[in-house]
Amino acid sequence: MKRSMIVLAALAMMMSAAAFAQDGSALFKAKCAMCHGAAGEGKMGPALKGKSAADVSGVLATGGKTKAPHTKAFNATPEEQKAIADFVATLK
């Protein structure tokens, strides 16, 4: 009984951490909006509206042409990068 409660508690903590890590909207607002605008309209950086998740994933993985802070300074896990890319793909 005690062991199953510990396992359930551990699973609950892992699931809540994973849910936060995959909140693409919150991650975008925290890491991207300052340059790309709250709605992806572009500010100091290019507009992202209409970009596919694959396009965004590529830039997040390689840094893009300008080597903006999309790789080292950005410091997002692959899961966070996917969540951000998936969110950006919803911007219309």
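Reader: Where is Ala61 found, and is Ala61 buried or exposed?
Author: Happy to start there, and please keep in mind that this model is predicted. Ala61 sits in helix α4. Its relative accessible area is 54%, and the cut-off for exposed is over 50%. Therefore Ala61, in α4, counts as exposed.

Reader: How many residues apart in sequence are Ala61 and Thr77, and what is the distance between them in space?
Author: Good pair to look up in the structure above. Along the sequence, Ala61 and Thr77 are 16 residues apart. From C-alpha to C-alpha, the distance in space is 9.8 Å.

Reader: Is Gln81 buried or exposed?
Author: The relative accessible area of Gln81 is 16%. Buried means under 20%. So Gln81 is buried.

Reader: How far apart in space are Gln81 and Val59, C-alpha to C-alpha?
Author: In sequence, Gln81 and Val59 are 22 residues apart. In space, their C-alpha atoms are 9.7 Å apart.

Reader: What is the pattern of the protein chain, read along the sequence?
Author: Count the elements to begin with: the protein chain has 5 helices and 0 strands. Reading along the sequence then gives α-α-α-α-α.

Reader: Which element gives the largest share of the largest nonpolar core?
Author: This core has 15 residues, and Phe28, Phe74, Ile84 and Val88 touch the most other members. Two or more residues come from each of α2 (24–31), α4 (53–62) and α5. The largest share is 5 residues, and the element that gives it is α5.

Reader: How are α2 and α5 oriented, roughly parallel or roughly perpendicular?
Author: Two packed helices are described by the angle between their axes and by the distance between those axes. Here the axes of α2 and α5 come within 8 Å and cross at roughly 95 degrees. That angle makes the pair roughly perpendicular.

Reader: Which residues of α5 meet α2?
Author: Start on the α2 side, where Gly24, Ser25, Leu27 and Phe28 take part. Across from them, the α5 residues are Glu80, Ala83, Ile84, Phe87 and Val88.

Reader: Does each partner count as partly exposed or exposed: what about Asp86 and Lys82?
Author: Exposed means over 50% relative accessible area, and partly exposed lies between that and the 20% limit for buried. Asp86 has 33% relative accessibility, so Asp86 counts as partly exposed. Lys82 has 51%, so Lys82 counts as exposed.

Reader: Is His36 buried or exposed?
Author: His36 has its place in helix α3. Not counting residues up to four places away in sequence, His36 touches Phe28, Glu41, Gly42, Lys43, Gly45, Pro46, Leu48 and His70. Its relative accessibility is 9%, and the cut-off for buried is under 20%. His36 therefore counts as buried.

Reader: Where is Ala39 found, and what separates the C-alpha atoms of Ala39 and Val88?
Author: Ala39 lies in the loop between α3 (33–36) and α4. With a relative accessible area of 33%, Ala39 is partly exposed. Leaving aside neighbours within four places in sequence, Ala39 is in contact with Lys49 and Leu91. Although Ala39 and Val88 are 49 residues apart along the chain, their C-alpha atoms are separated by 8.8 Å.

Reader: What percentage of the residues in the protein chain is buried?
Author: The protein chain has 92 residues. Its accessible surface comes to about 6200 Å², of which 67% belongs to carbon and sulfur atoms. As for the buried residues, they make up 29%.

Definitions and conventions
Residues numbered from 1 in each chain as written. Predicted model: local features only at pLDDT ≥ 70, side-chain atom pairs only at ≥ 80, totals over all residues. Heavy atoms only, no water. Helix = DSSP H or I, 4+ residues; strand = E, 2+ residues; numbered from the N terminus. Buried < 20%, exposed > 50% of the residue type's maximum accessible area, 1.4 Å probe, protein only. Areas by Shrake-Rupley, 256 points an atom, 1.4 Å probe, with all protein chains shown as cover. Core = buried A, V, L, I, M, F, W, Y, C linked by side-chain atoms within 4.5 Å. Axes fitted to C-alpha atoms, helices over the stretch in contact; angles between N-to-C directions. Parallel < 35°, antiparallel > 145°, perpendicular 65-115°, else oblique. Contact = heavy atoms within 4.5 Å.
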